Amino acid sequence: MSNDAVKHDYHIINPSPWPLLGSLFAVVMFIGLVIWMKGLFGIEKTPVVFAGGLLGVLYVMWGWWADVIKESRAGDHTPVVQIGLRYGMIMFIASEVMFFVAWFWVFFEMALFHEHRAGVASAIEEVRTAWASAGSTDPNGWMPAGVEAVSAWQLPLLNTLLLLLSGTTVTWAHHALQEGDRKGAKWGLFLTVILGAIFTSVQAFEYYHIVHHHLFFNEEAANAGLYGSAFFMATGFHGFHVLIGTIFLLICLIRLMRGGFTPQKHFGFEAAAWYWHFVDVVWLFLFAFIYVIFGA
(Lines give C-alpha, C1' and ligand atoms only; values in the text may rest on other atoms or scores of the structure.)
Protein backbone atom coordinates (compact mmCIF):
# COMPACT_ATOMS: atom_id res chain seq x y z
CA MET A 1 0.00 0.00 0.00
CA SER A 2 1.42 3.40 -0.94
CA ASN A 3 1.91 6.23 1.54
CA ASP A 4 -0.74 8.17 -0.38
CA ALA A 5 -3.48 5.71 0.62
CA VAL A 6 -6.45 7.15 2.50
CA LYS A 7 -6.16 6.62 6.27
CA HIS A 8 -9.35 6.45 8.31
CA ASP A 9 -10.76 4.90 11.48
CA TYR A 10 -13.16 2.55 9.70
CA HIS A 11 -12.48 -1.12 9.16
CA ILE A 12 -13.32 -2.39 5.69
CA ILE A 13 -13.70 -6.15 6.04
CA ASN A 14 -12.55 -8.61 3.42
CA PRO A 15 -15.14 -10.51 1.32
CA SER A 16 -16.78 -13.08 3.61
CA PRO A 17 -18.86 -16.21 2.88
CA TRP A 18 -20.66 -16.09 6.23
CA PRO A 19 -23.69 -13.89 5.37
CA LEU A 20 -24.63 -16.04 2.37
CA LEU A 21 -23.95 -19.33 4.14
CA GLY A 22 -25.85 -18.17 7.22
CA SER A 23 -28.90 -17.29 5.13
CA LEU A 24 -28.86 -20.60 3.28
CA PHE A 25 -28.49 -22.70 6.43
CA ALA A 26 -31.22 -20.68 8.18
CA VAL A 27 -33.63 -21.44 5.29
CA VAL A 28 -32.74 -25.13 5.49
CA MET A 29 -33.21 -25.10 9.26
CA PHE A 30 -36.69 -23.57 9.17
CA ILE A 31 -37.85 -25.74 6.26
CA GLY A 32 -36.56 -28.66 8.30
CA LEU A 33 -38.57 -27.45 11.28
CA VAL A 34 -41.74 -27.53 9.16
CA ILE A 35 -40.86 -31.03 7.95
CA TRP A 36 -40.24 -32.14 11.54
CA MET A 37 -43.61 -30.82 12.76
CA LYS A 38 -45.91 -31.35 9.78
CA GLY A 39 -44.12 -33.09 6.91
CA LEU A 40 -43.68 -31.36 3.55
CA PHE A 41 -43.89 -32.28 -0.15
CA GLY A 42 -44.53 -35.91 0.70
CA ILE A 43 -41.60 -36.08 3.13
CA GLU A 44 -42.54 -37.82 6.37
CA LYS A 45 -41.94 -36.09 9.70
CA THR A 46 -38.23 -36.26 10.49
CA PRO A 47 -35.79 -34.03 12.40
CA VAL A 48 -32.88 -34.81 10.05
CA VAL A 49 -33.23 -31.73 7.80
CA PHE A 50 -33.69 -29.43 10.79
CA ALA A 51 -30.65 -30.91 12.52
CA GLY A 52 -28.55 -30.40 9.39
CA GLY A 53 -29.62 -26.76 9.07
CA LEU A 54 -29.00 -26.15 12.77
CA LEU A 55 -25.49 -27.58 12.57
CA GLY A 56 -24.84 -25.35 9.55
CA VAL A 57 -26.05 -22.25 11.44
CA LEU A 58 -23.85 -23.14 14.42
CA TYR A 59 -20.87 -23.59 12.08
CA VAL A 60 -21.48 -20.14 10.55
CA MET A 61 -21.80 -18.55 14.00
CA TRP A 62 -18.52 -20.13 15.09
CA GLY A 63 -16.64 -19.09 11.94
CA TRP A 64 -18.08 -15.58 11.74
CA TRP A 65 -17.46 -14.68 15.35
CA ALA A 66 -13.98 -16.22 15.19
CA ASP A 67 -13.23 -13.83 12.33
CA VAL A 68 -14.50 -10.89 14.40
CA ILE A 69 -12.18 -11.90 17.26
CA LYS A 70 -9.24 -12.16 14.83
CA GLU A 71 -10.03 -8.67 13.51
CA SER A 72 -10.02 -7.33 17.07
CA ARG A 73 -6.66 -8.93 17.84
CA ALA A 74 -5.25 -7.50 14.62
CA GLY A 75 -6.14 -3.99 15.82
CA ASP A 76 -8.94 -3.40 13.33
CA HIS A 77 -11.49 -2.49 16.03
CA THR A 78 -10.70 1.20 16.31
CA PRO A 79 -12.76 3.43 18.66
CA VAL A 80 -15.08 4.27 15.76
CA VAL A 81 -15.58 0.59 14.93
CA GLN A 82 -16.24 -0.19 18.61
CA ILE A 83 -18.99 2.43 18.65
CA GLY A 84 -20.57 0.72 15.64
CA LEU A 85 -20.41 -2.65 17.43
CA ARG A 86 -22.13 -1.14 20.45
CA TYR A 87 -24.88 0.37 18.31
CA GLY A 88 -25.36 -2.98 16.63
CA MET A 89 -25.76 -4.78 19.96
CA ILE A 90 -28.14 -2.12 21.24
CA MET A 91 -30.32 -2.48 18.15
CA PHE A 92 -30.26 -6.27 18.44
CA ILE A 93 -31.45 -6.12 22.06
CA ALA A 94 -34.12 -3.57 21.05
CA SER A 95 -35.43 -6.01 18.42
CA GLU A 96 -35.56 -8.74 21.07
CA VAL A 97 -37.48 -6.40 23.38
CA MET A 98 -40.12 -5.89 20.67
CA PHE A 99 -40.38 -9.66 20.23
CA PHE A 100 -41.44 -10.02 23.87
CA VAL A 101 -43.63 -6.93 23.66
CA ALA A 102 -45.67 -8.81 21.05
CA TRP A 103 -46.28 -11.73 23.41
CA PHE A 104 -47.11 -9.53 26.36
CA TRP A 105 -49.44 -7.55 24.12
CA VAL A 106 -51.47 -10.58 23.02
CA PHE A 107 -51.57 -11.90 26.59
CA PHE A 108 -52.85 -8.62 28.05
CA GLU A 109 -55.22 -8.08 25.14
CA MET A 110 -56.95 -11.42 25.66
CA ALA A 111 -56.77 -11.36 29.45
CA LEU A 112 -58.23 -7.88 29.82
CA PHE A 113 -60.43 -7.33 26.76
CA HIS A 114 -61.41 -10.77 25.45
CA GLU A 115 -65.12 -10.01 25.84
CA HIS A 116 -64.76 -7.22 23.27
CA ARG A 117 -62.93 -9.31 20.65
CA ALA A 118 -65.05 -11.11 18.05
CA GLY A 119 -65.00 -14.87 18.50
CA VAL A 120 -62.64 -14.86 21.46
CA ALA A 121 -65.25 -14.66 24.20
CA SER A 122 -67.23 -17.59 22.75
CA ALA A 123 -64.04 -19.65 22.39
CA ILE A 124 -63.14 -19.01 26.03
CA GLU A 125 -66.66 -19.99 27.09
CA GLU A 126 -66.28 -23.25 25.14
CA VAL A 127 -63.08 -24.01 27.08
CA ARG A 128 -64.86 -23.23 30.36
CA THR A 129 -67.73 -25.55 29.43
CA ALA A 130 -65.40 -28.35 28.34
CA TRP A 131 -63.40 -28.14 31.52
CA ALA A 132 -66.52 -27.99 33.67
CA SER A 133 -67.82 -31.16 32.02
CA ALA A 134 -64.55 -32.87 32.95
CA GLY A 135 -65.55 -32.61 36.60
CA SER A 136 -64.44 -29.18 37.78
CA THR A 137 -64.36 -28.48 41.51
CA ASP A 138 -63.67 -24.80 40.85
CA PRO A 139 -66.73 -22.61 41.72
CA ASN A 140 -66.10 -20.62 38.53
CA GLY A 141 -66.01 -23.80 36.46
CA TRP A 142 -62.50 -23.25 35.12
CA MET A 143 -60.40 -26.00 36.66
CA PRO A 144 -61.09 -29.62 35.69
CA ALA A 145 -60.79 -32.29 38.35
CA GLY A 146 -57.17 -33.08 39.15
CA VAL A 147 -55.84 -29.88 37.57
CA GLU A 148 -54.26 -27.09 39.60
CA ALA A 149 -52.95 -23.66 38.71
CA VAL A 150 -49.20 -23.13 38.48
CA SER A 151 -47.97 -21.64 41.76
CA ALA A 152 -45.78 -18.58 41.35
CA TRP A 153 -44.14 -19.15 44.74
CA GLN A 154 -42.42 -22.44 44.02
CA LEU A 155 -40.27 -23.10 40.94
CA PRO A 156 -40.96 -19.70 39.26
CA LEU A 157 -39.85 -17.90 42.43
CA LEU A 158 -36.72 -20.05 42.62
CA ASN A 159 -35.88 -19.16 39.03
CA THR A 160 -36.46 -15.49 39.78
CA LEU A 161 -33.96 -15.62 42.63
CA LEU A 162 -31.48 -17.50 40.43
CA LEU A 163 -31.62 -14.86 37.69
CA LEU A 164 -31.42 -11.95 40.13
CA LEU A 165 -28.35 -13.53 41.73
CA SER A 166 -26.81 -14.16 38.29
CA GLY A 167 -27.28 -10.47 37.49
CA THR A 168 -25.12 -9.58 40.49
CA THR A 169 -22.40 -12.13 39.62
CA VAL A 170 -22.10 -10.97 36.00
CA THR A 171 -21.87 -7.36 37.22
CA TRP A 172 -19.17 -8.44 39.69
CA ALA A 173 -17.27 -10.09 36.82
CA HIS A 174 -17.58 -6.98 34.64
CA HIS A 175 -16.32 -4.59 37.31
CA ALA A 176 -13.52 -7.00 38.28
CA LEU A 177 -12.35 -7.11 34.66
CA GLN A 178 -12.45 -3.31 34.42
CA GLU A 179 -10.24 -3.13 37.53
CA GLY A 180 -7.79 -5.70 36.19
CA ASP A 181 -8.89 -8.39 38.68
CA ARG A 182 -8.91 -11.35 36.29
CA LYS A 183 -9.38 -13.91 39.07
CA GLY A 184 -12.52 -12.15 40.31
CA ALA A 185 -13.79 -11.84 36.75
CA LYS A 186 -13.32 -15.57 36.19
CA TRP A 187 -15.16 -16.48 39.38
CA GLY A 188 -18.02 -14.09 38.64
CA LEU A 189 -18.41 -15.44 35.10
CA PHE A 190 -18.18 -19.05 36.28
CA LEU A 191 -20.94 -18.53 38.87
CA THR A 192 -23.12 -16.76 36.29
CA VAL A 193 -22.81 -19.68 33.87
CA ILE A 194 -23.67 -22.17 36.65
CA LEU A 195 -26.72 -20.13 37.71
CA GLY A 196 -27.89 -19.93 34.09
CA ALA A 197 -27.57 -23.71 33.70
CA ILE A 198 -29.53 -24.26 36.93
CA PHE A 199 -32.27 -21.91 35.68
CA THR A 200 -32.62 -23.94 32.47
CA SER A 201 -32.76 -27.21 34.44
CA VAL A 202 -35.42 -25.88 36.81
CA GLN A 203 -37.55 -24.60 33.92
CA ALA A 204 -37.29 -27.97 32.15
CA PHE A 205 -38.50 -29.67 35.32
CA GLU A 206 -41.30 -27.09 35.65
CA TYR A 207 -42.48 -27.77 32.09
CA TYR A 208 -42.46 -31.52 32.76
CA HIS A 209 -44.54 -30.93 35.87
CA ILE A 210 -46.98 -28.64 34.02
CA VAL A 211 -47.49 -31.12 31.20
CA HIS A 212 -48.34 -33.93 33.60
CA HIS A 213 -50.13 -32.19 36.45
CA HIS A 214 -51.18 -28.65 35.67
CA LEU A 215 -53.42 -26.50 33.58
CA PHE A 216 -52.45 -26.32 29.95
CA PHE A 217 -51.76 -29.85 28.70
CA ASN A 218 -53.80 -32.03 31.03
CA GLU A 219 -55.15 -34.86 28.84
CA GLU A 220 -58.66 -34.70 30.33
CA ALA A 221 -59.02 -30.97 29.74
CA ALA A 222 -59.75 -29.05 26.59
CA ASN A 223 -56.89 -27.31 24.80
CA ALA A 224 -56.03 -24.07 26.59
CA GLY A 225 -55.70 -22.35 23.19
CA LEU A 226 -54.52 -18.77 23.19
CA TYR A 227 -53.54 -18.61 26.85
CA GLY A 228 -51.56 -21.82 26.69
CA SER A 229 -49.81 -20.65 23.53
CA ALA A 230 -48.99 -17.26 25.06
CA PHE A 231 -47.66 -18.88 28.23
CA PHE A 232 -45.41 -21.40 26.53
CA MET A 233 -44.20 -19.05 23.81
CA ALA A 234 -43.34 -16.24 26.24
CA THR A 235 -41.72 -18.39 28.94
CA GLY A 236 -40.27 -20.91 26.48
CA PHE A 237 -38.60 -18.33 24.26
CA HIS A 238 -37.30 -16.60 27.36
CA GLY A 239 -35.82 -19.92 28.43
CA PHE A 240 -34.24 -20.21 24.98
CA HIS A 241 -32.72 -16.75 25.44
CA VAL A 242 -31.33 -17.84 28.82
CA LEU A 243 -29.73 -20.84 27.13
CA ILE A 244 -28.19 -18.63 24.42
CA GLY A 245 -26.98 -16.15 27.05
CA THR A 246 -25.42 -18.95 29.08
CA ILE A 247 -23.51 -20.17 26.01
CA PHE A 248 -22.52 -16.54 25.26
CA LEU A 249 -21.08 -16.14 28.76
CA LEU A 250 -19.42 -19.58 28.66
CA ILE A 251 -17.52 -18.58 25.52
CA CYS A 252 -16.47 -15.36 27.26
CA LEU A 253 -15.26 -17.41 30.25
CA ILE A 254 -13.20 -19.66 27.96
CA ARG A 255 -11.69 -16.62 26.23
CA LEU A 256 -10.92 -15.03 29.60
CA MET A 257 -9.20 -18.18 30.86
CA ARG A 258 -7.14 -18.32 27.64
CA GLY A 259 -5.85 -14.79 28.22
CA GLY A 260 -8.42 -12.82 26.26
CA PHE A 261 -9.93 -9.45 27.22
CA THR A 262 -8.21 -6.49 28.86
CA PRO A 263 -9.57 -3.73 31.12
CA GLN A 264 -9.52 -1.39 28.13
CA LYS A 265 -10.82 -3.80 25.47
CA HIS A 266 -13.51 -6.34 26.32
CA PHE A 267 -16.58 -5.50 24.27
CA GLY A 268 -17.39 -9.18 23.64
CA PHE A 269 -17.90 -9.70 27.36
CA GLU A 270 -19.66 -6.36 27.77
CA ALA A 271 -22.17 -7.33 25.04
CA ALA A 272 -22.79 -10.66 26.79
CA ALA A 273 -23.43 -8.82 30.08
CA TRP A 274 -25.92 -6.46 28.38
CA TYR A 275 -27.73 -9.44 26.91
CA TRP A 276 -27.86 -11.17 30.30
CA HIS A 277 -29.33 -8.12 32.01
CA PHE A 278 -31.96 -7.95 29.26
CA VAL A 279 -32.86 -11.58 29.97
CA ASP A 280 -33.15 -10.77 33.69
CA VAL A 281 -35.52 -7.84 33.13
CA VAL A 282 -37.78 -9.80 30.78
CA TRP A 283 -38.12 -12.58 33.35
CA LEU A 284 -39.12 -10.09 36.05
CA PHE A 285 -42.02 -8.94 33.84
CA LEU A 286 -42.98 -12.55 33.05
CA PHE A 287 -42.91 -13.52 36.70
CA ALA A 288 -44.82 -10.45 37.88
CA PHE A 289 -47.64 -10.55 35.32
CA ILE A 290 -48.04 -14.08 33.97
CA TYR A 291 -47.22 -16.02 37.13
CA VAL A 292 -48.23 -13.70 39.99
CA ILE A 293 -50.93 -11.22 38.89
CA PHE A 294 -52.84 -13.15 36.22
CA GLY A 295 -51.82 -16.55 37.55
CA ALA A 296 -53.81 -15.83 40.70
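Me: Is Phe 190 buried, partly exposed or exposed, and why?

Reply: Start with the relative accessibility. Values under 20% are buried and those over 50% are exposed. This is a predicted model, and in it Phe 190 has 38% relative accessibility, so Phe 190 counts as partly exposed. Trp 187, at 46%, counts as partly exposed too.

Me: Where do Trp 187 and Phe 190 lie?

Reply: Both sit in helix α6. Three residues separate them, about one turn of the helix.

Me: How many aromatic pairs does the whole structure have?

Reply: The general idea comes before the count. A pair of aromatic rings is described by the distance of the centres and the angle of the planes. A search of the whole structure finds 24 such pairs. Take Trp 187 and Phe 190: their ring centres are 5.9 Å apart and their planes meet at 85°, so this pair is edge-to-face.

Me: What geometry do Phe 231 and Tyr 291 show?

Reply: Their rings form an edge-to-face pair, with 5.7 Å from centre to centre and 75° between the planes. Phe 231 belongs to helix α7 and Tyr 291 to helix α8, so the pair ties together parts 60 residues apart in sequence. Both residues are buried.

Me: Which residues do ring pairs link into a cluster?

Reply: The cluster includes Phe 92, Phe 99, Phe 100 and Phe 237. Phe 240, Phe 248, Tyr 275 and Phe 278 belong to the cluster as well.

Me: How many residues are in the largest nonpolar core?

Reply: Again, the general idea leads. In soluble globular proteins, nonpolar side chains tend to be buried together. Here the largest nonpolar core has 42 residues. Among those with the most contacts inside it are Phe 231, Leu 249, Phe 278 and Trp 283. The elements giving two or more residues to this core are α3, α5, α6, α7 and α8. Helix α8 supplies the largest share, 15 residues.

Me: What is Leu 249 in contact with, beyond its neighbours within four places in sequence?

Reply: Its contacts include Val 170, Leu 189, Thr 192 and Val 193. Phe 269, Ala 272 and Trp 276 are also in contact with Leu 249.

Me: Is Gly 196 buried or exposed, and why?

Reply: Gly 196 has 0% relative accessibility, so it counts as buried. Gly 196 lies in helix α6. Not counting residues up to four places away in sequence, Gly 196 touches Val 242, Thr 246 and Trp 276.

Me: How are the C-alpha atoms of Gly 196 and Leu 163 placed?

Reply: Compare chain and space. Gly 196 and Leu 163 are 33 residues apart along the chain, and their C-alpha atoms are separated by 7.2 Å.

Notes: Residues numbered from 1 in each chain as written. Predicted model: local features only at pLDDT ≥ 70, side-chain atom pairs only at ≥ 80, totals over all residues. Heavy atoms only, no water. Core = buried A, V, L, I, M, F, W, Y, C linked by side-chain atoms within 4.5 Å. Buried < 20%, exposed > 50% of the residue type's maximum accessible area, 1.4 Å probe, protein only. Helix = DSSP H or I, 4+ residues; strand = E, 2+ residues; numbered from the N terminus. Contact = heavy atoms within 4.5 Å. Phe/Tyr/Trp six-rings, centres within 6.5 Å; stacked < 30°, edge-to-face > 60°.
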